[in-house]
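Here is a short tour for anyone meeting this structure for the first time. Have a look at the sequence and the model, then read on.

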Amino acid sequence: MTNADAAGASGHPMIPRFDDLAGRVALVTGGSRGIGAATCLALARSGVRVAINGRDPDAIAASVAAVHAVGGDAIAAPADCADLAQVERMRQRIGEHWGAVDLVLAFAGGGTGRPVPLQDISEQDWRSSLDNNLTSTFFTLRTFLPDLLERGRGAILTMASAGARMASGAPAGYGAAKAGVIMLTRHLAQEVGPRGIRVNCISPSAVLTERTRAHLPPERQAQMLAGFPLGRLGTPEDIAAASLFLLSEASSWITGVVLDVAGGRIML
Ligand SMILES: NC(=O)c1ccc[n+]([C@@H]2O[C@H](COP(=O)([O-])OP(=O)(O)OC[C@H]3O[C@@H](n4cnc5c(N)ncnc54)[C@H](OP(=O)(O)O)[C@@H]3O)[C@@H](O)[C@H]2O)c1
């Protein structure tokens, strides 16, 4: 780990550069926006070559351009991660460009679910939550794991949510899907630890991205602060900083953990 990049306004994290990551190839699903895009930038600043996934070609192109603008190396890796055939084609394209992937960040998530009473959850919204959070993570891990196993090294990060850690007002299907991501992470960590691969999970609470800002007017953000002992909501850089640590050799004796990056809102 070497000199730090200031990540913005005071109180926000410094994102160190992790030299051991330089030259590695990472896939970031959901790297086209929000938390994923900020993490792609932080990875690139550590010299990681980043394959940036999402479904919207314009958003992917913007994230690739942002990495190029800081002198990093990135390629577009479009795919709907809830579609196994698309994920397999994505692996083939990345492989043709850079060879095997060393780091997998399965960050894609979302879906159409809304926080409504259980009896009002539509089948479509339920399936959307499961498909876009849990199944997409499974397809990503299943497809890219052979790359890591072949080399006997690498690290995987999955993306949960405070909605999986407590009944917090998040859509029930989303919370259930993210809780599934946590168990999938532990299962895989147990399975591949002896083969030199670490698997951990990041679990953020309220992180201000373009999407969440659109849903949380400033008054609502101010009300929420009472639930966060550290007195602010999260930034994408908070998640990026924790992610780089969990991917680097700085965390070489950590696997199977869920790291709540949540300003103290979640203490488990
Ligand atoms: N922001 C928060 O407060 C918060 C809190 C807890 C957990 N999280 C989790 O953190 C992750 C990122 O959240 P965010 O707030 O940064 O969201 P965001 O800005 O809406 O970005 C979501 C990203 O996931 C991609 N994505 C969604 N479904 C996909 C699919 N099926 N296949 C491929 N890509 C897909 C989107 O790509 P396209 O738009 O191009 O399709 C986009 O790049 C998600 O897993 C989310 O559940 C966020």
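Predicted model: local features only at pLDDT ≥ 70, side-chain atom pairs only at ≥ 80, totals over all residues.

## A term to start with

## Helix α1 and its partner α2

Helix α1 and helix α2, the latter made of residues 57–69, have axes that come within 9 Å and cross at roughly 25°. The two helices are therefore roughly parallel to each other. As for handedness, α1 passes α2 in a right-handed crossing.

Who does the touching here? On the α1 side we find A37, C40, L41 and A44, and they meet S63, A66 and V67 in α2. Sorted by type, the residues of this contact of α1 with α2 come out as 6 nonpolar, 1 polar and no charged.

## Helix α1 again, now with α8

Helix α1 (residues 34–45) also packs against helix α8 (residues 236–247), with an angle of about 50° and axes 8 Å apart. That makes α1 and α8 oblique to each other, therefore a pair that is described in another way. The crossing of α1 and α8 is right-handed.

From α1, the contact is made by G34, I35, A38, T39, A42 and L43, while α8 brings in P236, E237, I239, A240, S243 and L244. The residues of the contact of α1 with α8 divide into 8 nonpolar, 3 polar and 1 charged.

## The pair α4 and α5

Next up are helix α4 (residues 123–151) and helix α5 (residues 172–192), which pack at an angle of about 15° with their axes 8 Å apart. That makes α4 roughly parallel to α5. Here too there is a label for the crossing: α4 passes α5 in a right-handed one.

The list of touching residues includes D125, W126, S129 and L130 in α4, and G173, Y174, A177 and K178 in α5. Sort the residues of the contact of α4 with α5 and you get 10 nonpolar, 5 polar and 2 charged.

## The sheet

Now for the strands. There are 7 of them in an open sheet, and the order runs β5-β4-β3-β6-β7-β8-β9, with parallel pairing. Which strands stand at the edges? They are β5 (74–78) and β9 (258–261), and each has a single partner strand, so one side of each is left without a neighbour in the sheet. On average, neighbouring strands of this sheet are turned by 20° against each other, direction ignored.

Zoom in on one pairing: strand β6 (residues 103–106) runs parallel to strand β7 (residues 154–159), and 4 bridges join them. A106 stands opposite T158 in β7.

## Around the ligand

How many residues surround the ligand? The count is 29, and the closest are G30, G34, G54, R55 and G109. The elements that give two or more residues to this shell are α1, β4, α4 and α6 (210–215).

By type, the residues of the shell divide into 10 nonpolar, 14 polar and 5 charged.

Methods
Residues numbered from 1 in each chain as written. Axes fitted to C-alpha atoms, helices over the stretch in contact; angles between N-to-C directions. Parallel < 35°, antiparallel > 145°, perpendicular 65-115°, else oblique. Left-handed = near helix turned anticlockwise from the far one by under 90°. Contact = placed C-beta atoms within 7 Å. Nonpolar A, V, L, I, M, F, W, Y, C, P; charged D, E, K, R; others polar. Pairing = 2+ DSSP bridges. Near = placed C-beta within 6 Å.
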